[in-house]
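Let's take a walk through this structure together, one spot at a time. Have the model open and follow along.

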Amino acid sequence: MVLGVLGAAATIAQMALLSKVVDRVFLDGESLGQVGTLLLLLLGAVVLRSGLLWLREISAERGAIYVKGELRERLFAHLMHLGPGYTKGERTGELVATAVEGTERLDAYVGRYLPQMALSALVPLLVAAYVLPFDWISAVLLLVSAPAIPVLMVLVGSHAEKHMQRQWSALSRMSAHFLDVLQGLSTLKAFGRGAAERERVAKVSDEFRERTLKVLRYAFLSGFVLEFIATLSIALVAVALGVRLLIGSIAFEPAFLVLLLAPEFFRPLRELGVYRHAGMEGKAAAERIFEILNTPAPVSPGSGAATKLGGRLEIELSDVEYTYPESGRPALSGINLTLPAGSCTALVGRSGAGKSTLVNLLMRFVDPEQGRISANGTPITDLPVELWRENLALVPQRPYLFYGTVLENIRLARPEATQEEVERAAELAGAAEFIDRLPQGYDTGIGERGVRLSGGEAQRLAIARAFLKDAPVLIMDESTSSLDPESERLIGDALELLMRDRTVLVIAHRLNTVYRADYIAVLDDGYLVETGTHAELIEREGPYARLVDTYNRTLA
Amino acid sequence: MRVLLRLLGFLGAHRWQVALAVVLGVVMMASNLGLLSVAAYLIAASALQYGLSQLTLSMFLVQIFGISRAAFRYLERLVSHNVTFKLLASLRTWLYGRLEPLYPARLLEHRTGDLLSRIVKDVEELENVYLRAFSPVIVAVAISALTFVALYIFDPLLASVTLGFLALSGVGVPLLVSVLARRLGQRELELRAELNVRIVDGIQGVQDLLALGQASGQQGKIEDLGRKLGRMQKRMASITGLQSTLNDLTMNLAMLTILFLAIPLVNEGRIPGVYLAFLALLVLGSFEAVQPLGTAFQFLGRSLHAGERLFEVSDARPQVTYPDEPLPPPGSHTLEFDHVSFRYHEDEAYHEDEALVLDDVSFKVEPGSRVAIVGPSGSGKSTIASLALRFWDPTEGEIRLGGHSLRGYAEEALRNAIGVAVQDTHLFNETLRDNLLLARPGATDLEIDSAVEKARLGEFVSSLPRGLYTPLGEQGLRLSGGERQRVAVARALLRDAPVLILDEPTANLDPATEHELLAAVYEQTPDRATLVITHRLVHMERMDEILVLEAGRIVERGTHQTLLENNGHYKRMVDVQNQLLATV
């Protein structure tokens, strides 16, 4: 911004020299040789001004780069703290767009719009101040027009603004409609409506055009006002100067200088108009980013009172209760459950019963509102969160595969592991076979842009991660079957191995799993309604028995 | 370049509007030029004490220019935006027209969401090709010509030199900048792409990241990439900053040079001194027209790339073409697959050699009978539905309807004969009712209600505040997997075609609803030929034939009873399913 002001100063100098040159030659009839030095000085001013302009561009851009980078990193770090609870709730797509595109849009706002706003106030004042001493009439003319511009623009603009907002949202809806139609093409075709839709696309686009133009008529008016006042002022100044020259109340040189400087007076404001739209988008992006940054994290970092837990762990939940922020009723209430060390507990219940919530609490993605979870007697909130999670291995229903090789994906569980250790883990997980069949084996790229793995293969990879991590506690969310007997067998075998000597909680969907479990805990509507072994619960003929109900099966 | 010509072709459709917009643009620029230069003349003339009467013309012109510039700018913006929106409409309609017969080309299905959003963004980029690329170029050329002529009147040398500088600023500078920036630009794109992938991974995979304790690791990677990107962008900034700087410099150098050349001429009396100021400002003002050229060229470059991508997709030849002289609609409705094999076509440039998705599949579905195709996911089952709908043609073998090959029928006949409930049915941003009516636009309320009941949607609809008139889709209600599936079934039932194909109709439903829905669907009209593709082995006793598909081949076939007795694949799948608890 400082550079902007300096640049303006250089411009003034340049113009002053120019007017002097012209004056001398024109009125005094001087020759080239005589004005030579002036011309050289003029050259110097020109180069200086360009240099300042360049520096200004660079420094504005650097500022923007710094801000973008900072915000992007803070945003990401905060999203990690907010955890899966938040990111799953909000649309992931929107969050990604904000983190990736939103931060880029800040460029226009921080790098151009904001500095320009400051310049719009300073430069005109500078110019007017310079002109004032030798031509107060023109200076006054200019200064009078200056405030009129923003005032009128605001008046006209705010009326159009509302319409504009509606129209911009109509625009995005129209884009969404087009994408919608393209995405649904196969459905349209299946119903024989493919061709008919073409007419609709044309019609929708046309309607949009007409409506938008109506609004733009008003929106452009504010731009018109700015231009009109600016150019008309210049014209008036010119005519006024002409008249005064005729009367003889002003000399040529200052008159010409004023004429040269008049456009400079309006330049920053006009440039501001150019950046306005992009600037507004950037501002909206910034607001959204701060909204996310200000969302409180659901989990405290952990008091650090305890530092380590040893060996096998017994987990105990006492009177645990949790309600999700947007929900009216608790997802879990009054949960009292013990997972003895080295045992396997199967958690069953219908969808929505609270099973995932229990997992989220154990993983400390959220903390209970009431009650407590402890491991070997120590409340888990006493540990730093990362340290607590080192004791847990999670095998989710739909494991996420990251951009990278198979090796890197498995190694995420323990980055210092050797290749042999990774391969051993894969073998134990029943994954070695399919990995060896991949084009580059363990170095095959998977994830965002790589080879797609089937559901069963992804699960086995996640199990390999769990083997590699070798944590005392295992939490597993069984996938619901897709009828692949081979995959079922492999996963079943791997799990049996994995579950040995660990404290296990498995969200079960299969009979085999509950048979194998030492205990079964049944959730219904957030309450723990039954616990016991399979035989005990069947006899009770309660909720568990209903889940196992034979009518679910076809004839044997 | 061909792409450029094709893009211009789109503009050509609206040529009168385009011409008007161009003219307005040129007049606007000329007004600006006129304002400053005539004002300069006015002042010079006044200084020489020309008579007021001699000056009135100039004063008048100055005022006119003052008003006209703003007015013409306003009009030009309106007209050019009109052109832009018309272009947008043309592009979208054209694109839709090209894509519709192509769909579902392998191309589009490969990474559907990704590719489609890119196409839509490319179209949006192209819509600005008039405003940001075409118009500035034409206006710049016109104004340069005008300036040249105006200067020529005074002295040819002045005119040529100015033209040279204009060209330097309009063409030379952007060229220089783009050459300097090219490699950096490439690298920047690469870095940014990688950074974005990591961010997406982090957000979408946050659960796994936290569980694995690798969140800070990911953060570190992102910070690292961010730093590298930042350095790159700073270097880029120095170069792109040059653009406006050099433009500015060229403009002023031009003015200086003109002064340098003009002063001797004034001294010699070849040019009246009163015009010196006029000339200086004329030269300065003319550069306003060439300044946007740098960005315009960049924009043109991007547009050409977008156009290339677009044409690549839209120029593909349709996989399936319908006959010019089709057979009459089928009389009977037996659907038959005769030794059908299928692999995705190899001449699509987007993938390597594909394996056979279906291998020698044969079966027949007669009117009144029900056939089920079962198997693990990825076994090729859904492809059978797509082939029956003739979205693709089989690589080997033949598919027949009513005794004749599918290839003989017109598209309309096929669509009327075969109704389908697909797995990934799309719900449009419309009301539920309109989404259903898609299947049969003329359906009565009674028919709609009946289909809704049978698909076990009745309770769901009653729970909605506006019932059937509830909007769905992006801005509306988001349906769960099970609800979506039931809508697909309702659509198929409403269509009431003689051949019904159901692709995974109940995968996300709880057992009770599943049973009821299938019971309702299977009990329908005896004339209907029903083909069910599923991995849920429910009500299989009602099937006339069950085909077990694995890796594209039929490994077992028979009735439910015989297959169980066979103790093979089917039996094992039944066992796996029997393992499941009713926990959906």
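Start with B:Ala306, which you'll find in helix H11 of chain B, residues 293-314. Keep in mind as you look that this is a predicted model. B:Ala306 counts as buried because its relative accessible area is 0%, and the cut-off for that label is under 20%. Who are its neighbours? Leaving aside residues up to four places away in sequence, B:Ala306 touches B:Asp122 and B:Leu126.

Staying in chain B, go to the loop between strand S7 (499-503) and helix H18 (511-522), where B:Glu504 is found. Most residues other than glycine have a negative phi. B:Glu504 is also buried, with a relative accessible area of 4%.

Now hop over to chain A and its open sheet of six strands, with the order S6-S9-S10-S3-S11-S12 and mixed pairing. Strand S6 (392-395) and strand S12 (527-532) are the edge strands, each pairing on one side only. Going from one strand to the next, the twist averages 20°.

Zoom in on the S6 end of that sheet. S6(A) runs parallel to strand S9 (residues 473-477) of chain A, and four bridges join the two. Within this pair, A:Leu394 stands opposite A:Ile475 in S9(A). Helix H13 of chain A, residues 455-469, packs on the sheet and touches both S6 and S9 of chain A. The direction of H13 makes about 170° with that of S6(A). Between H13 and S9 of chain A comes a loop that holds A:Asp470, another non-glycine residue with a positive phi, this one near 55°.

Chain A has some antiparallel pairing to look at too. Strand S1 (residues 315-322) and strand S4 (residues 370-375) run antiparallel and are joined by five bridges; A:Ser318 has A:Arg372 in S4(A) as its bridge partner. S4(A) also pairs in the antiparallel sense with strand S5 (residues 378-379), over two bridges, and here A:Ser374 is partnered by A:Pro379. How many residues lie between S4(A) and S5(A) in their hairpin? There are two, and A:Asn376 in the turn has a positive phi of about 50°.

For a glycine, look at A:Gly223 in helix H6 of chain A, residues 194-247. Is A:Gly223 buried or exposed? It is buried, since its relative accessible area is 18% and the limit is under 20%. The C-alpha atom of A:Gly223 is separated by 7.4 Å from that of A:Gly273, 50 residues apart along the chain.

Finish at the second largest pocket, which holds about 730 Å³ of space. Its lining is made up of 39 residues, and A:Val385, A:Glu386, A:Leu387, A:Arg389 and B:Gly213 lie nearest the centre. Both chains feature among the elements giving two or more residues to this lining: helix H2 (32-89) and helix H9 (385-389) of chain A, plus helix H8 (206-211) and helix H9 (215-268) of chain B. By type, the lining residues divide into 20 nonpolar, nine polar and 10 charged.

Technical notes. Residues are numbered from 1 along each chain as its sequence is written. Chains are lettered from A and ligands numbered from 1 in the order in which they are written. This is a predicted model: local features need pLDDT of at least 70, side-chain atom pairs count only at pLDDT 80 or more; totals for chains, interfaces and linings use all residues. Side-chain values use heavy atoms; hydrogens and water are left out. On a 1 Å grid over the protein atoms alone, a cavity is a set of points where a 1.4 Å probe fits but cannot get out, and a pocket is an open set with protein on both sides within 12 Å along at least five of seven lines; lining residues have an atom within 4 Å of a point. Grid points are joined across faces, edges and corners, and a volume is the space filled by probe spheres set on the points. Ala, Val, Leu, Ile, Met, Phe, Trp, Tyr, Cys and Pro count as nonpolar, Asp, Glu, Lys and Arg as charged, and the others, Gly among them, as polar. Two strands pair if DSSP finds at least two bridges between them. Axes are lines fitted to C-alpha atoms, for helices over the stretch in contact, and angles run from 0 to 180 degrees between N-to-C directions. Contact means heavy atoms within 4.5 Å. Buried means under 20% relative accessible area, exposed over 50%, partly exposed in between (1.4 Å probe, protein chains only).
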